[in-house]
Amino acid sequence: SMTLSQVGTHVTGTGEYAMEAGRQGPTTIEGDWSAGTLTLSITRDYGLRETFTAKLADATHLAGSLEIDGNRQSFSLAKR
């Protein structure tokens with residue numbers, strides 16, 4: 001999960017991750033919102049960086065991809 005704030009086009013936030021193997025911890029998030037596209041750099045507490053890039057699908061959903069260590073997968077987010 002993550003909580004994001006936006007000032008102009010700059011996006012920042014914090015979050016929490018949990019992996020299948022049991023590791024969990026905090027993340028920091030930096031990014032940009034421009035022309036309906038959100039790009040986030042997500043850094044886990046142990047240094048792993050992920051890149052999330054998505055376009056606004058509708059008023060409450062983003063659809064895009066998450067890249068971790070060169071592996072990319074499709075992903076979507078919904079506003080609560």
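Predicted model: local features only at pLDDT ≥ 70, side-chain atom pairs only at ≥ 80, totals over all residues.
Q: Which way do strand 1 and strand 2 run, parallel or antiparallel?
A: Strand 1 (residues 2-7) and strand 2 run antiparallel, joined by 6 bridges. Strands are DSSP runs (E, at least two residues), numbered from the N terminus, and two strands pair if DSSP finds at least two bridges between them.

Q: What is in the hairpin there?
A: The hairpin of strand 1 and strand 2 has 2 residues between the strands, and Gly 8 takes a positive phi near 65°. Val 7 has His 10 of strand 2 as its bridge partner.

Q: And what does His 10 pair with in strand 3?
A: Its bridge partner there is Asp 32. Strand 2 and strand 3 (residues 24-34) pair in the antiparallel sense over 9 bridges. They form a hairpin with 5 residues between them, where Gly 22 in the turn has a positive phi of about 105°.

Q: Which side chains of strand 2 are buried?
A: In strand 2 (residues 10-18), Val 11, Gly 13, Gly 15 and Tyr 17 point to one face and are buried. Buried means under 20% relative accessible area, exposed over 50%, and partly exposed in between (1.4 Å probe, protein chains only).

Q: New topic. What is the volume of the largest pocket?
A: About 1,000 Å³. A pocket is an open set of points on a 1 Å grid over the protein atoms alone, where a 1.4 Å probe fits, with protein on both sides within 12 Å along at least five of seven lines. The volume is the space filled by probe spheres set on the points, which are joined across faces, edges and corners.

Q: What lines the largest pocket?
A: The lining has 32 residues, and Met 2, Leu 4, Leu 38, Leu 62 and Leu 77 lie nearest the centre. Lining residues have an atom within 4 Å of a point. The lining divides into 17 nonpolar, 9 polar and 6 charged residues. Here Ala, Val, Leu, Ile, Met, Phe, Trp, Tyr, Cys and Pro count as nonpolar, Asp, Glu, Lys and Arg as charged, and the others, Gly among them, as polar.

Q: What about Ser 65, buried or exposed?
A: Ser 65 is in strand 6 and is buried, at 14% relative accessible area. The side chain of Ser 65 makes a polar contact with the side chain of Arg 72 (3.5 Å). A polar contact is a pair of N or O atoms within 3.5 Å; within protein, one must be able to donate a hydrogen and the other to accept it, and residues adjacent in sequence count only if both atoms are side-chain atoms.

Q: And Thr 37, buried or exposed?
A: Thr 37, in strand 4, counts as buried at 18% relative accessibility. A polar contact of 3.2 Å joins the side chains of Thr 37 and Lys 55.

Conventions:
Residues numbered from 1 in each chain as written. Heavy atoms only, no water. Helix = DSSP H or I, 4+ residues; strand = E, 2+ residues; numbered from the N terminus.
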